[in-house]
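Welcome, and thanks for taking a look at this one with us. Please open the sequence and the structure side by side before reading on.

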Amino acid sequence: MYETFDHTADLGLRIQAETLERLFEEAAEALSSVLVVNWEQVRPVLQKSVRLEASNWEDLLHDWLSELLVLFALQKLVGRRFEVRFDHQNLPVGGPPEAMGRMRGPTIQLPQEVLEATIWGDMLDPARYQPGPEVKAVTYHGLRLEKQPTGWLAEVILDL
Amino acid sequence: MASERYEGPLEQVNEYLWRIPVNYKSGMRVEGRIYADDRLVEQIRADQAPEQVANVAFLPGIQVASLAMPDIHWGYGFCIGGVAATDPEEGGVVSPGGVGYDINCGVRIVRTNLKKEDVLPKIDNLMNLLFQRIPAGVGEEGPYHYADKKLNRLLEDGAQYLLSEGFATEADIEHTEERGRMDGADPDAVSPRAKQRGQDQCGTLGSGNHFLEVQVVEEIFDPEAARTMGLEEGTVCVMIHSGSRGLGYQVCDDAIKELRQAPAKYGISLPDRQLVCAPVRSPEGQKYLAAMRAAANYAWANRQLLMWQTREAFAEFFGQPWESLQMNLIYDVAHNIAKMEKHRVGDKIKEVCVHRKGATRSFPAGHPDVPERYQKIGQPVIIPGDMGRSSWILVGQPKSMEETFGSTCHGAGRVLSRHAAIQHARGRKIDQELAAKGIVAKCRNWKGLAEEHPDAYKDVSLVVDVVDKAGLAKKVARLRPIGVVKG
């Protein structure tokens, strides 16, 4: 479930879902419905895979929506259906081999949340789909992602 | 996070200046100062913009005050209409959020020797041609293509690169802020993704509040300055408002992502993640500045190409070369930018990093960075209004150097959110309302027009009144739109 909320020069998205996967999928739907006015008519005829990593869930949500914006800008891809899966990995913190060789003790590990997603959608064809306002970016201002008694809540502000 | 009224302190200093005391929030390093009169201050309190002025005061190395112009409105991180100068000697930072996603969003104005009566009878056809020729709207690509080495040169040399391409003249360069090229731009600091977004968008208007307007000078306030700019009552001008397009948005997004860890690394505590920053004198800060300057150069080239296409369209429409229509660039200003500039702070001259986020440089007469033509009157300051009301040309004044790091306002400032603007416009035919006022509007979609309709903005004349009376910039001319192209 998602809704938009007002932010003077910009636009906020508020998303609620039972699972984190669904939250990310709904956030993608919310963004797409801003990018294309008649988004529900977008045909899921093209497929695209995405893999992203970030050190926390908020950053991952930011990066996921930013990735969709870039796909829209560069490949004119509008997503209609999204399937999101998560993984968790520990990244060894690297450095130049000579420095790492001198290090003692266990390697430092940086936990990373990993998102793998499949997007089904179509190319933006102005004859078929009506573009909405230009979304310049997904901001970090007021970015929230939190667990609630009934599921998950996120808020994101888009720079229009 | 919805819009809430600002309930914090706002103390009146004088008729045009309000203060947020430095003790309002612990962590503020300087006070906040907002330029406004009684009428505007009520609108300013209506949302969280003053809170953002206070938040900017947390930035390490900030000098004198966190400043806001009378067109201040709620932004993300920085308020729109904000000015902040930081001193690298004191650990001063640069913040990509203090420039914004649309790096070097700005305005230029071109005069013509045409008079209102030459153009008004043909305005509909002229606007149809301009709408056809000026690429506008989401995802629209232009006739120009810059990739690889050509794009790198464009990022390095900005509008000056277009001299060699035959799309600019020396006079155009002379009358562009920074001569259309910021030193220290590094194309290698711009990501491949940003470059890819930029290769087909140079010379395109974009969407949102960007526009091209055909305007008529309606009233002159400073005859000498107006004469110097080639303006008299009835002169037809073209105003262009655009920025660095997708390339700039990507540069900002890349920088904020790269700076995620910087506050922790440099021990900087911030009240809003969007204010993320790094010391000017750090590898991260230097990399951002190098990329931002490249994006700024791209924006100057973009506005130059938009103007070039406009000149070509006018030449075709009026059947004579643009040179004989005397379509000379008056000036081009940036209103989203960070620059190293020399300013007096106390009894010292310091080189500070001036962030202007929705604010315009406003250098007075005699300043070495003001073009020769304007040395006696001050740098032209261009203030776009909204579709239904006036735009303004001002000139920079000495008090801007004393009080605001050589800065003034940039526009009208929104009062209605886009959503509210659409609600407000529901059931109304905005294009017909504009037509009734003698303004021909061309827009890709009605929703775009509704979001930007005049009621969504403060009255720009109130904003200009404040900066004029506060001595930051002086009124020269008021212009009225007769034709609008929007994305």
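This is a predicted model: local features need pLDDT of at least 70, side-chain atom pairs count only at pLDDT 80 or more; totals for chains, interfaces and linings use all residues.

Residues are numbered from 1 along each chain as its sequence is written, while chains are lettered from A and ligands numbered from 1 in the order in which they are written.

**Where chains A and B meet**
- Chain B brings 37 residues to the contact and chain A brings 31 residues; two residues are in contact if their C-beta atoms, placed from the backbone, lie within 7 Å.
- On chain B's side, the elements giving two or more residues are α8 (192–198), α10 (245–258), α14 (418–425) and α16 (446–451), and α10(B) gives the most, with 5 residues.
- Helices here are DSSP runs of H or I with at least four residues, strands are runs of E with at least two, and both are numbered from the N terminus.

**Helices packing on α12(B)**
- α10(B) packs with α12(B) at an angle of about 170 degrees, and their axes are 9 Å apart; axes are lines fitted to C-alpha atoms, for helices over the stretch in contact, and angles run from 0 to 180 degrees between N-to-C directions.
- The two helices are therefore roughly antiparallel (angles over 145 degrees).
- Among the residues making this contact are Gly248(B) of α10(B) and Tyr298(B) of α12(B).
- Helix α5 (residues 148–157) of chain B crosses helix α12 (residues 283–318) of chain B at roughly 95 degrees, the axes coming within 6 Å, which makes α5(B) roughly perpendicular to α12(B) (65 to 115 degrees).
- Here Leu154(B), Leu155(B), Glu156(B) and Asp157(B) in α5(B) meet Ala294(B), Asn297(B), Tyr298(B) and Ala301(B) in α12(B).

**Asp102(B)**
- Asp102(B) sits in the loop between β6 (93–94) and β7 (106–115) of chain B.
- Asp102(B) counts as buried because it has 27 C-beta neighbours inside 10 Å; the cut-off is 20 or more other C-beta atoms within 10 Å of a residue's own, with C-beta atoms placed from the backbone.
- Not counting residues up to four places away in sequence, Asp102(B) touches Lys136(A), Gly243(B), Ser244(B), Gly248(B), Tyr249(B) and Asn336(B).

**Helix α2(A)**
- The buried residues of α2(A) include Leu60(A), Trp64(A), Leu68(A) and Phe72(A).
- Lys76(A) follows α2(A) and has a positive phi, near 55 degrees.

Notes:
A residue is buried if 20 or more other C-beta atoms lie within 10 Å of its own, exposed if 12 or fewer, and partly exposed in between; C-beta atoms are placed from the backbone. Angles under 35 degrees count as roughly parallel, over 145 as roughly antiparallel, 65 to 115 as roughly perpendicular and the rest as oblique.
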